[in-house]
Amino acid sequence: MIYSPSFRNTAIQKLRNYLLTGLKSLNQFYNYLDFKTNGKLIFILGWFVPLGYLTVVTICFYQFWVKTFPIISSNIGYLNFIYIILSMILIYLSTIIAIFSDPGIITPVSLTKYPYKPNQLIFFNNKICSTCKNIKPARSKHCSICNKCYLLYDHHCIWINNCIGYYNYKWFLLFLVSNINMLGYGFIICFKALNLQLQSFTFLKLWKLITKTNDSNKITGIFIILCFIFVFIVIAFTGLHLRYIYLGVTTNELDKWGEIEYLIDLNLLYKVTPSINNEKYVEKASVRTEDLEDEIVYISLKDEKILINNSNKDNYEITPIESIVTDINNEYDNGFWNNFKDRVFI
C-alpha cells in the first residue's frame, strides 16, 4: 500500500504527493472559474460539444464535396443533388433551432396555457423549487446546468447544450430525424460512389478499393463506416424517445415511475378512499410509539407526513396497489398519437 511506511521517501510517495497536489490545484482552479462565472462554468463548457459537432459536420461536408462528390457527380441526378443540398441545410437549421429554442421557462403567461395538472402520485400541488423558490407545476424540473425550471422537462441534451422541454421537444425530434437522414442517405451515396468502381461487389473488393487506391476512396470509405455505425445509434435513441411518447412519460419521469414500481414490489403502495389532503395514494410505514410498540401508519408520498394511523384508520378504505399496469392510471398517457400531438404540435 502507498500508505505503508516502506514507501516513505520513495518515488511512489513523491508521485502520490504530486498527484494530490495537482488535483487540489485543479479543484481550486475549477472553483475559482465557477465563482467568476456565477456557477455557470459547466454550462459554458457545454458549448464545446455543439460547436465541436458543427465543426466536425462542416469538415465532413467539405470533404464530401471535394473527395466523394466528384466520383459520383456524373451519376447522381438532379433530384439527388437537390436532396443532398437540402439534407445539409436541414442539419444546420435543426441544430441551430434546437440550440437556441426555449424549452419552456416557467412564467405566469406560460402557465396559463400549460395543460398538465398534478396527478398526486409523482407530482403534487404547491411543490416549491428549492433553488428558484417558485412553484413547480406538474412534469416540470429544475436543471442544475441551466439553473432554470422548465415545463415538461425531459432532459438536458449535451449535443445542443440546451434542455428539452415543453416548447422545443419538436425541434429536438427534428434534430434527431435530420441526423438519421444525413447518416442514412450519406451511407447510400458514399456506398454507391465506391460501388460504381467495382465490376462485381464483394466486401474484399470494397475493402481493397478503400485501403489500396486513392485518398478520395479512403475518405469515402471512412464516411461509409461512420454513417453505418452512427445511424443505428441515432435510430435507437430516436426509437427510445418514441417509446417514451407511447408510454406517456418523459425521460425525467422514468425514475419517478421506477420509484412507484419499487414501492409496489415491496407491497408498500396503497390507494386511499376518500382522498386525504387531496392525496389518493399513500405509502405504508411503521413507527415506534411512546409505548415502544410498532404501529402501522400510512404516510404522504409528497412529504412523508403521517396521514393515517390507528386513530383515523376506520375513516378510510385502504386498498393495496398490486400492479402499476392494471391498478394505476397514468393521467398523462392519452394514447400514442395524442401523446405525440401533445409533444410536437405545440
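This is a predicted model: local features need pLDDT of at least 70, side-chain atom pairs count only at pLDDT 80 or more; totals for chains, interfaces and linings use all residues.
In which sense do strand β9 and β10 pair, and over how many bridges? Strand β9, residues 294-300, pairs with β10 in the antiparallel sense, over two bridges.

As background, strands of a sheet pair through backbone hydrogen bonds, either parallel or antiparallel.

There is a detail in strand β7, where Pro274 is placed. The peptide bond from Thr273 to Pro274 is cis, and its omega is near -5°.

Next, helix α9. Which residues of α9 are buried? They are Glu253, Trp257, Ile260, Leu263 and Ile264. Seen down the axis of α9, these buried residues fall within an arc of 110°, so they line one face of the helix. On the other side of α9, the exposed residues are Asp255, Glu259, Tyr262 and Asp265.

α9 covers residues 253-265, which is 13 residues, and at 1.5 Å a residue it should span 18 Å. The C-alpha atoms at its ends are 18 Å apart, which agrees. After α9 comes Asn267, with a positive phi near 60°.

In soluble globular proteins, nonpolar side chains tend to be buried together. Here the largest nonpolar core has 41 residues, and those with the most contacts inside it are Phe64, Ile84, Ile160, Leu173 and Ile189. Six helices each supply at least two residues of this core: α3 (48-72), α4 (78-100), α6 (169-195), α7 (203-212), α8 (215-247) and α10 (336-344). Of these, α6 gives the most, with twelve residues. Apart from this core lies another, of 25 residues, among them Tyr166, Tyr244, Val249 and Tyr332.

What does Ile160 touch, if residues up to four places away in sequence are not counted? Its contacts are Pro50, Thr95, Ala98, Ile99 and Phe175.

Helix α6 also holds Val177. Val177 has a relative accessible area of 47%, which makes it partly exposed. In sequence, Val177 and Ile235 are 58 residues apart, while in space their C-alpha atoms are 8.4 Å apart.

Most residues other than glycine have a negative phi, and most peptide bonds are trans. Lys133 has a positive phi, near 65°, and Asn161 has one near 50°. Lys133 is in the loop between β1 (127-128) and β2 (135-136), whereas Asn161 is in the loop between β5 (155-157) and β6 (162-164).

Is each of them buried or exposed? Lys133 is exposed, with a relative accessible area of 59%. Asn161 is buried, with a relative accessible area of 3%.

Note on methods:
Residues are numbered from 1 along each chain as its sequence is written. Side-chain values use heavy atoms; hydrogens and water are left out. A nonpolar core is a set of buried Ala, Val, Leu, Ile, Met, Phe, Trp, Tyr and Cys residues joined through side-chain atoms within 4.5 Å. Buried means under 20% relative accessible area, exposed over 50%, partly exposed in between (1.4 Å probe, protein chains only). Helices (H or I, at least four residues) and strands (E, at least two) are DSSP runs, numbered from the N terminus. Contact means heavy atoms within 4.5 Å. The expected span of a helix is 1.5 Å times one less than its number of residues. The arc is that of the directions from the helix axis to the C-beta atoms. Two strands pair if DSSP finds at least two bridges between them.
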